[in-house]
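Please work through the following exercises with the sequence and the model at hand. Each task is followed by a solution in steps.

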Amino acid sequence: MFIVMQLESKFNMMWSGILYILPIIGFFYWNNLLWCYLFGILTISCFFLGCLIVMLINIALSPKHQTGATAMKTIAEMDAFHNLLMKGYVIKATNTKKYVKYPLVFTRMVDGALQNLLDLVFQDFVGLWLDELAFNSEQIINNMKQDIWGAIQTLHDRLSKVDHTKLVVCSIVNKITFHFEKIRIAQTASAQGDDPVFILSTHLMSPTAELDYLKKVSELYILLLLPPCYSLAPMKYLLREILACKSKYVYI
């Protein structure tokens, strides 16, 4: 029954197509344009038949299409490239595990304690977030440790050139004396019934001025102690903000 219905629907479609074509042929025949109709039909037929023949010739002359073999070859090449990358990565990882020998600054005992302190600081405050953001973070941390150790060595060399006697006897004593004088002046004013006014330095008049002063001090630390690569604008500003806002301003 279903087959009969399909045949009937196809027959109806063919009959409707013939009914559409006959008026068109009659129109062209009545106006002596039947040759235009035939020419159009032949042109369209040749166009589609020509494309079909070209495609068949191309398929017949082309080599057999091997999708599976090409995919397997591509996968093999990708695996080889991946193994090459991982092999290089393993070599670098083994190199980073080697002990880094730092130059002697103070004594072996003091240097060992400072190095252990640096290891703990970088492990707790840097390694926690750097491992998730950077590739081969151990090498980066080792490079940063070397730079910090170089800054410690530079600071030690600069401090060794300072006259310690003059620093303690003159500079520190004068600063402490001046500080106590300001306290005494404030206490005297309070005893006389006036509002006690403690004379502050210009960079301590407001939190903003203090923060700007700490930023300038941090820039001097970076320029004088760290390697020249840290003096570039992006890195310098980043370290300045970290030292001033998250270290000095919080703990001083």
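The model is predicted, so local features need pLDDT of at least 70 and side-chain atom pairs count only at pLDDT 80 or more, while totals for chains, interfaces and linings use all residues. Residues are numbered from 1 along each chain as its sequence is written, and side-chain values use heavy atoms, with hydrogens and water left out.

**Exercise 1. Determine how many helices and strands the chain has.**

Step 1. Helices (H or I, at least four residues) and strands (E, at least two) are DSSP runs, numbered from the N terminus.
Step 2. The chain has 9 helices and 0 strands, which gives the pattern α-α-α-α-α-α-α-α-α along the sequence.
Step 3. Of the 252 residues in the chain, 13% are buried; buried means under 20% relative accessible area, exposed over 50%, and partly exposed in between (1.4 Å probe, protein chains only).

**Exercise 2. Describe how α4 and α6 pack.**

Step 1. Axes are lines fitted to C-alpha atoms, for helices over the stretch in contact, and angles run from 0 to 180 degrees between N-to-C directions. The angle between α4 and α6 is about 135°, and their axes are 11 Å apart.
Step 2. Angles under 35 degrees count as roughly parallel, over 145 as roughly antiparallel, 65 to 115 as roughly perpendicular and the rest as oblique. The two helices, α4 and α6, are therefore oblique to each other.
Step 3. On the α4 side, Asp111, Leu114, Gln115, Leu118, Asp119 and Phe122 meet Ile141, Met144, Lys145, Ile148, Trp149 and Ile152 of α6; contact means heavy atoms within 4.5 Å.

**Exercise 3. Identify which residues form the largest nonpolar core.**

Step 1. A nonpolar core is a set of buried Ala, Val, Leu, Ile, Met, Phe, Trp, Tyr and Cys residues joined through side-chain atoms within 4.5 Å.
Step 2. The largest such core has 8 residues: Tyr102, Val105, Leu118, Phe122, Val126, Leu130, Ile141 and Trp149. At least two residues of this core come from each of α4 (108–125) and α6 (137–160).
Step 3. Another core, of 6 residues, lies apart from it and includes Ala151, Ile222, Leu225 and Tyr230.
Step 4. Beyond its neighbours within four places in sequence, Tyr102 is in contact with Gln115, Asn142, Lys145, Gln146 and Trp149.

**Exercise 4. Locate Leu200 and state whether it is buried, partly exposed or exposed.**

Step 1. Leu200 lies in the loop between α7 (164–191) and α8 (207–225).
Step 2. Its relative accessible area is 37%, so Leu200 is partly exposed.
Step 3. From C-alpha to C-alpha, Leu200 and His179 are 9.6 Å apart in space and 21 residues apart in sequence.
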